[in-house]
Amino acid sequence: MVVYVKKNFSLAHIVVLLLFVVSSYARSSMMVTKDEIEVICTKKDMQINSSLCFEILKATPEAAKLDLPSLVKYLIEYQSRNVSDTLKQIKLFRGHTTDMRKMKDCEQLYEGALSGIDDSLKALAAKDYFLSHLRNAGTFPNMHTCIDTLSTMKPVPEVLSRRSSVIIDITNIICVIIDCFIRGKNCVIAEIL
Ligand SMILES: *[C@@H]1O[C@H](CO)[C@@H](O)[C@H](O)[C@H]1NC(C)=O
Ligand SMILES: CC(=O)N[C@H]1CO[C@H](CO)[C@@H](O)[C@@H]1O
């Protein structure tokens with residue numbers, strides 16, 4: 001009986017030891033911790049929209065189980081969904097405006113953004129983080145140009161401008177994570193220059 005208990009005890013010991021080994025192995029493969037999400041989302045000097053960042057990453061408990069490249073992949077897929085959802089709205093809007101030309105311009109800017117985002121995902125998969133950032137950042141000018149175009153319409157389609165601003169914020173979160181956290185670039189200095 002004593003032997004039986006002892007056996008049980010050592011089995012429990014081994015399980016605990018295994019768990020410890022597994023979790024420290026996981027740590028060494030760069031898992032993102034809750035603290036790191038805090039650091040990413042409060043990086044004020046890079047104009048991260050904190051509330052949006054927490055909204056996206058805290059609403060996703062799995063975010064803390066991913067490594068950095070996987071977290072970026074998750075975010076780019078999220079960004080891609082938001083861009084294609086808004087593109088659908090733009091197409092719907094086109095039938096309801098007298099300014100079809102401007103809507104068509106925005107549509108093309110959104111299509112261009114989508115193809116850049118797609119390239120960004122491919123570069124990420126190839127671990128080419130510089131290219132992934134470059135392609136993703138192409139979303140910025142397209143969204144800004146679309147917002148400018150929308151602002152000259154009467155009435156201004158506010159829903160679309162707002163969604164374009166959110167996409168700019170999401171893009172910024174992605175680019176900051178790639179540059180500061182994966183590439184280890186000194187982003188504060190880069191911004192001053
Ligand atoms: C941050 O994002 C939220 C949600 O999209 C938005 O309501 C808010 O205006 C943004 N904040 C800034 C400072 O742009
Ligand atoms: C902030 C924001 O607009 N997020 C949306 C992005 O797209 C996903 C998928 O369609 C929505 O669930 C989010 O609400």
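## Threonine 86

In this predicted model, threonine 86 touches Tyr110, Leu160, Arg163 and Ile167, leaving aside residues up to four places away in sequence. Threonine 86 sits in helix α4. Its relative accessible area is 0%, so threonine 86 counts as buried, the cut-off being under 20%.

Two polar partners are found for this side chain. One is the backbone oxygen of asparagine 82, which lies 2.7 Å from a polar atom of the threonine 86 side chain. The other is the side chain of arginine 163, in a polar contact at 3.1 Å.

## Ligand 2

Which residues surround ligand 2? They are Leu52, Tyr78, Arg81, Asn82, Asp85 and Val166. Helix α4 gives the most to this shell, with 4 residues. By class, the shell holds 3 nonpolar, 1 polar and 2 charged residues.

The side chain of tyrosine 78 has an N or O atom 2.8 Å from a nitrogen atom of ligand 2. Asparagine 82 has a polar side-chain atom 2.6 Å from an oxygen atom of ligand 2. For aspartate 85, a polar side-chain atom lies 2.5 Å from an oxygen atom of ligand 2. On its own, ligand 2 has 360 Å² of accessible area, and the protein covers 60% of that.

## Ligand 1

Asn49, Ser51, Leu52, Val166 and Asp169 are the residues around ligand 1. The protein covers 36% of the 360 Å² of accessible area that ligand 1 has on its own. Helices α3 (50–58) and α8 (158–182) each supply at least two residues of this shell. The shell divides into 2 nonpolar, 2 polar and 1 charged.

Asparagine 49 makes a polar approach here. An N or O atom of its side chain is 2.4 Å from an oxygen atom of ligand 1.

## Nonpolar core

In soluble globular proteins, nonpolar side chains tend to be buried together. Here the largest nonpolar core has 43 residues. Leu57, Val72, Tyr110 and Ile177 have the most contacts inside it. The helices giving two or more residues to this core are α2 (34–41), α3, α4 (68–94), α5 (100–125), α7 (139–151) and α8. Helix α8 gives the most, with 11 residues.

Leucine 57 touches Ile37, Cys41, Ala63, Leu71 and Leu75, again leaving aside residues up to four places away in sequence. Tyr110, listed among the residues with the most contacts inside the core, is also one of the residues that threonine 86 touches.

Note on methods:
Residues numbered from 1 in each chain as written. Chains lettered and ligands numbered in written order. Predicted model: local features only at pLDDT ≥ 70, side-chain atom pairs only at ≥ 80, totals over all residues. Heavy atoms only, no water. Near = heavy atom within 4 Å. Polar contact = N/O pair within 3.5 Å; in protein donor to acceptor, adjacent residues only side chain to side chain. Areas by Shrake-Rupley, 256 points an atom, 1.4 Å probe, with all protein chains shown as cover. Nonpolar A, V, L, I, M, F, W, Y, C, P; charged D, E, K, R; others polar. Core = buried A, V, L, I, M, F, W, Y, C linked by side-chain atoms within 4.5 Å. Buried < 20%, exposed > 50% of the residue type's maximum accessible area, 1.4 Å probe, protein only. Contact = heavy atoms within 4.5 Å.
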